[in-house]
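Let's take a walk through a protein structure together. Have the sequence and the 3D view open as you read.

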There are 2 protein chains.
Amino acid sequence: MLPFDLIEYQKRLYKTKSQMEKKGIEVLLVTDPANMNYLTGYDAWSFYVHQMVAVIIDEPQPIWLGRFQDANGAKLKTWLYEENIIAYPDYYVHSDSYHPMDFMARILTEIGQGNRRIGIEMDHYYFSAKAFEQLRLGLPNAEFISADLLVNGVRLIKSDKEIEYMERAARLAEQAMYHGIETIRAGVRECEVAAKIYYYMIAGTEEFGGDYPAIVPLLPSGKNTGIPHLTWTDRKLDEGDSIVIELAGCYHRYHAPLARTVSIGAPPPALEELGPIVTEGVNRVLDAAKPGVTCGELEEVWRKIIRKYGIEKEARLGYSVGLGYPPDWGEHTASIRRHDKTVLQPNMTFHLIPALWFDHYGLEISETFKVSESGSETLTQFSRELIVKHPFMIPHQDGEIS
Amino acid sequence: MLPFDLIEYQKRLYKTKSQMEKKGIEVLLVTDPANMNYLTGYDAWSFYVHQMVAVIIDEPQPIWLGRFQDANGAKLKTWLYEENIIAYPDYYVHSDSYHPMDFMARILTEIGQGNRRIGIEMDHYYFSAKAFEQLRLGLPNAEFISADLLVNGVRLIKSDKEIEYMERAARLAEQAMYHGIETIRAGVRECEVAAKIYYYMIAGTEEFGGDYPAIVPLLPSGKNTGIPHLTWTDRKLDEGDSIVIELAGCYHRYHAPLARTVSIGAPPPALEELGPIVTEGVNRVLDAAKPGVTCGELEEVWRKIIRKYGIEKEARLGYSVGLGYPPDWGEHTASIRRHDKTVLQPNMTFHLIPALWFDHYGLEISETFKVSESGSETLTQFSRELIVKHPFMIPHQDGEIS
C-alpha cells in the first residue's frame, strides 16, 4: 500500500531528527501536507481542516493528529501504529467555540511534551496565525522555535525511487502537453484545451494512472500571455493567438512540470524572435548544471545569454521540485536565482522555467531536470521551441469523448 | 471582463465596511483568495505567494498588494484603478532574507494606515503564523483585531447573479457525475473515472466552459468508502465494489457540489439497507428547509429519521457553499449541525451531505440547494438513490479520446 518501503521512511525520519537536534528542537509539529506525506505516507484531501504529524525526538514513531473522519485514512495510508493516530471530534471543525489546536495542545501535554522545545512551520501553507495563537495558549510551558523548511531541506536530494516516480510524472506531463497542443486551433475554447490536458494527465498510461497536480494547468492566451498565473476561460482561441501552457504530470504526489508556448499560425515578430533566445538559454543552463555548481551560477549563465540579445530581466529561473499539494509543487528551498548559494548535488531536481514576460506577450519554455553524477538530465522530452500550429488544422483522428 | 457588474462589487464593499464599523476595524487585510475575489474580482493561481486586498474604511477603493508578475493580472481581473495595484519585487518570493509582509507593512505605513485598528483573517488559509508575526513587527503602532469570517459572513446570502452562476455549476456537476458513473464498471481503473469526470467538469457545455473546483473529485472505493477524503488511485474496480463520488461543477469560482454512491453489481446488504434511509433523510431535510428555520433544526430532522432506523451519528450534515479556491468550497460560516443557530434566508445556498460512514463502507448522497422564498430548491437534478450498475455493462457509445 505504501509508495515507499519502510526503510525509506525511517531514513527520512532519521534525517529530520538530525536537523531537529541541530536546531535544538525536541518536538516538531509538521503541518505542511507534503511534509506529513514525506514522513508518514499520509495522503488525503483533508488539509482543509487542521491536522499535523508530531515528530518527537526520543520516540520511534511520529504521531498523526487530525479529524475523526480522517483517522481511518491515516491508518490505511501511513506506516504508523494505530495507537499513534489520534483524532478530534467533528465539533472542532470550522467552529467558533472549539479550535483543533486546543485539542492538539491537550494531547501533547497529556503525553508529556507540553514543556519541551517545539518546532513549528511558521510560514507554511495551512498553519494559520490563529493555529499558532491557540497552540501558544494551550502550551504555556513550551518554547516555540521556527522550523520553517526543516523537512523541505531533507527533501532536497531525492532517492532513486523518488526519481522513478518523477520520471513517471514526466511521461504524464509529455502526454498531457501533446494532447493539449493537439487540441489547440482557432475556434476552440480554452476550457476544451484544459479539459483535454486534464484527461491525459489523470487517465495515465496503460501501466500507471495519474494523480492531481498541486497547481492546475495554467493557460494564459493572446495578449494575456504576459500574465503567468491566469487559469483558462471559455474564450475561443483566434488565429494569431499564442498560448502559454504550464502543467505538470503527477504520480504519487511527485511532479514533473513542463511549460511550452504555442502560436496559432505565424507568431508575431517579437515572439518569434524570443523563441530561439529562450531555447538557447535553457540549453546553456542545462549544459552548465552539474554537481558543485551553485544555483546562483546557473542564473548567471542565463543572464549573460539574454543580455547578449539586449534583454535585462531580474527573476527567478527555477526552483527545487518534487512532492507537493495545492497550492504549489515547488519545495521552497533552493531557487535558481541571483545569489542563491545552494550547491547542486546528484539527485536534486529542479523545474527550470526561465520565462520572459512583457506587458502584452510572454514566452515560457521549461524543463524539469535532475542533477546526475556528472551533469544534468531532463526528465521530460518534448520539442524545446516555440511551437507553431496551422490555425485551422484538424487532427487526423478527432474522436469524441463518450 | 468582470463576472459581476460594478454595482454588485460596490454593494459587497459597502456591506463589508458596515461589518468593519461594527467591529471597530479601520483597515481590513483580506488574504483569503475567495474573499479577495469577492471584493475585487481578482482571480489567478497566485495564492501560493503572499498577497492581500486592503479595505480602508474611509477610502473608496480597496488596494491590491501582491507579487510583481501578478500585478498585470490584477489590472485585468479587478475593477480597481491601476494606482491601487501595488506589487513587490520577485526577490521577496520564498526567500529567507525578505518577507512580503514587510513590504505590505511598509506600504500601509507610507499611505498613513500604520497606526490604525487593523482587521486580519486569523484562521483563513494562506495567512500564515509568520505573516502575522512580520505584520506585527512592521506595524508596531497598529492595533490588530481578528476579522475571521467577516467577509465570509457577507457572502452568506447570494445575489441572483451568483445563484445563476451556481446553477451553471450545477449543470457541470450533473454532466460530470453522469459520465463518471457511465465509466464505472469492473476492470476500469479509478484514475480513468476521475479523468472522465474532470473532462466533463471543465470542457463545459456548448454555452459555457467549466472552471477548476476547489476540491478534486473524491473517489474512495471498495472497503475504503468509509474514508471520505481519499483521492483516486490506479486500482482496478471489481464486481461488488461500491464507489463514492463527491465532485463539484464550478463556474467563475462558484461551486455546486454533488455526491452519489455507485455499486458495481448487487450492493452488499448493509449498503442496500442504507440507501433508502439516506434518500429519505435528504428528502425530509429538503422539505423542512425554508426561511425562518435554523440550521440546527435541519440537523434534528435528519437525526430523528436515522434514529428511527437505529442509527446514531453525530456529524455535520452540510455547510454554506459558493465561491471558493483550493483547498475548500465551503464558506466556513453556517453549518447544518446540532446547535447551529443560523436562520435560513432566501438565497442562502448549502451543500447538504448527510453521509453515513462506517469502518469498511459508507454512503453519500448529497444535494446543493438554495433557500427560496417559501422553501428550498436543489440546484442539481440527479437520481437521488444508491446507483447500481451492471458489473460489465459497456456503454452504448464508447468512443476514445483523440
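This is a predicted model: local features need pLDDT of at least 70, side-chain atom pairs count only at pLDDT 80 or more; totals for chains, interfaces and linings use all residues.

## A helix by the axis

A129(B) turns up again in helix α5 of chain B, which covers residues 129-138. Which residues of this helix are buried? They are A129(B), A131(B), F132(B), Q134(B) and L135(B). As a bit of background, an α-helix has 3.6 residues a turn, so residues three or four places apart point the same way.

What covers those buried residues? The cover includes α5 (129-138) of chain A, and from chain B it includes β1 (27-30), α4 (100-110), β5 (117-120) and β6 (143-146).

## Empty space inside

Rolling a probe the size of a water molecule over the atoms shows where empty space is left. Here, the structure holds five cavities of 30 Å³ or more. The largest cavity has about 260 Å³ of space. Its lining is made of 25 residues, and those nearest the centre are Y48(A), R67(A), R316(B), Y319(B) and I353(B). The elements giving two or more residues to this lining are β9 (318-325) and β10 (328-336) of chain B. The largest share, five residues, comes from β10(B). Sorted by class, the lining of the largest cavity has eleven nonpolar, seven polar and seven charged residues.

The second largest cavity holds about 100 Å³ of space. Of its 13 lining residues, Y198(A), V216(A), Y198(B), P213(B) and V216(B) are the closest to its centre.

## Around strand β10

The peptide bond from P326(A) to P327(A) is cis, with omega near 15 degrees, and P327(A) lies in the loop between β9 (318-325) and β10 (328-336) of chain A. In chain B, the bond from P326(B) to P327(B) is cis too, with omega near 15 degrees. P327(B) is found in the loop between β9 and β10 of chain B.

Two histidines of chain B are worth a click. H332(B), in strand β10, has a phi near 70 degrees, which is a positive value in a residue other than glycine. H339(B) has a positive phi as well, near 75 degrees, and its place is in the loop between β10 and β11 (349-352) of chain B. Are they buried or exposed? H332(B) is buried, because its relative accessible area is 17%, whereas H339(B) counts as exposed because its value is 66%.

## Cysteines without partners

A disulfide is a covalent bond between the sulfur atoms of two cysteines. How many are there over all chains? The count is zero. Take C191(A): the closest cysteine sulfur is in C250(B), 13 Å away, so the two are too far apart for a bond. For C191(B), the closest cysteine sulfur is in C250(A), also at 13 Å and too far for a bond. C191(A) is buried at 0% relative accessibility, and C191(B) is buried with 0% too.

V154(B) lies in helix α6 (residues 150-155) of chain B, and it is buried because its relative accessible area is 9%. Leaving aside neighbours within four places in sequence, V154(B) is in contact with R12(B), K15(B), T16(B), Q19(B) and Y38(B). Its C-alpha is separated by 34 Å from that of Y98(B), which is 56 residues apart from it along the chain.

Finally, find D241(B) in the loop between α8 (190-203) and β7 (242-251) of chain B. Why does D241(B) count as buried? Its relative accessibility is 11%, and buried means under 20%. Apart from neighbours within four places in sequence, D241(B) is in contact with G222(B), R235(B), V262(B), S263(B) and I264(B).

Conventions
Residues are numbered from 1 along each chain as its sequence is written. Chains are lettered from A and ligands numbered from 1 in the order in which they are written. Side-chain values use heavy atoms; hydrogens and water are left out. Helices (H or I, at least four residues) and strands (E, at least two) are DSSP runs, numbered from the N terminus. Buried means under 20% relative accessible area, exposed over 50%, partly exposed in between (1.4 Å probe, protein chains only). Contact means heavy atoms within 4.5 Å. A disulfide is a pair of cysteine sulfur atoms within 2.5 Å. On a 1 Å grid over the protein atoms alone, a cavity is a set of points where a 1.4 Å probe fits but cannot get out, and a pocket is an open set with protein on both sides within 12 Å along at least five of seven lines; lining residues have an atom within 4 Å of a point. Grid points are joined across faces, edges and corners, and a volume is the space filled by probe spheres set on the points. Ala, Val, Leu, Ile, Met, Phe, Trp, Tyr, Cys and Pro count as nonpolar, Asp, Glu, Lys and Arg as charged, and the others, Gly among them, as polar.
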